[in-house]
Amino acid sequence: MPRPSKLRSLPPRLLAVGLLGLFDPSAIAAPAAPMVTTITISERAFSPDVLSLKRGEAVTLIIQNQDHDLHAFVPLLLFQGLNVMVTGNGAPEFNETGFARVLIPPRGQVEIRFKPPDPGHFFYICDLPGHQMRGEIIVTGDSL
């Protein structure tokens, strides 16, 4: 005749308390929601023209073109070799180093999801002829 398991011989309340003691709800943390930051294009200017992000923190960068003109968002060096997800009604362009720029139609919007890997100062521009638009993303070494 088989021996009864020691777990089966424990009172159900004691077994439940013991199992609950092994479960630490704080050990199963939901992933943090990405930080959402918006850059608005209006009257051939980026606003804000300087924004700050934290290294390693998930970001959704929303770029809204409120002008009646086509504009480009060209991040200089920030996205080199980085996995980036681009959605919206813009036309993203890629080159050998990865995401290079996105054209945003009048009244259009683009969302770029990424995690900044390195601290530093990174500039972005609109490279269309006659558009003197420039901004800066500062990535700090701190992370949440």
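A residue is called buried when its relative accessible area is under 20%, exposed when that area is over 50%, and partly exposed in between. With this in hand, a walk through the predicted model can begin with Glu-93, which has a relative accessible area of 31% and is therefore partly exposed. The side chain of Glu-93 meets that of Arg-101 in a salt bridge, with 2.9 Å from N to O. Arg-101 itself counts as buried, because its relative accessibility is 16%.

Asp-127 is partly exposed, at a relative accessible area of 37%. Through shared partners, the salt bridges join Glu-93, Arg-101 and Asp-127 into one network. Side chains of opposite charge can pair when their charged atoms come close.

The whole structure holds three salt bridges. One of them joins Arg-44 and Asp-69, whose closest N and O atoms are 3.5 Å apart. This pair links distant parts of the chain, 25 residues apart: Arg-44 sits in the loop between strand S1 (35–41) and strand S2 (46–47), and Asp-69 in the loop between strand S4 (59–65) and S5. Both residues are partly exposed, Arg-44 with a relative accessible area of 38% and Asp-69 with 32%.

Stepping back to the overall fold, the protein chain contains two helices and eleven strands. Six strands form an open sheet with mixed pairing, in the order S3-S11-S10-S5-S8-S7. Strand S3 (50–54) and strand S7 (91–95) are the edge strands, each pairing on one side only. From one strand to the next, the twist averages 25°.

Inside this sheet, strand S5 (residues 71–75) and strand S10 (residues 120–126) run antiparallel and are joined by two bridges. Pro-75 has Tyr-124 as its bridge partner in S10. Strand S10 also includes Ile-125, which is partly exposed at a relative accessible area of 22%. Leaving aside residues up to four places away in sequence, Ile-125 touches several others, among them Phe-46, Phe-73 and Met-133.

For the chain as a whole, 32% of the 144 residues count as buried. The accessible surface comes to about 9200 Å², and 59% of it belongs to carbon and sulfur atoms.

Notes. Residues are numbered from 1 along each chain as its sequence is written. This is a predicted model: local features need pLDDT of at least 70, side-chain atom pairs count only at pLDDT 80 or more; totals for chains, interfaces and linings use all residues. Side-chain values use heavy atoms; hydrogens and water are left out. Two strands pair if DSSP finds at least two bridges between them. Helices (H or I, at least four residues) and strands (E, at least two) are DSSP runs, numbered from the N terminus. Axes are lines fitted to C-alpha atoms, for helices over the stretch in contact, and angles run from 0 to 180 degrees between N-to-C directions. Buried means under 20% relative accessible area, exposed over 50%, partly exposed in between (1.4 Å probe, protein chains only). Contact means heavy atoms within 4.5 Å. Accessible areas come from the Shrake-Rupley method with a 1.4 Å probe; for residues, only the protein chains shown count as cover. A salt bridge is a side-chain nitrogen of Lys or Arg within 4 Å of a carboxyl oxygen of Asp or Glu.
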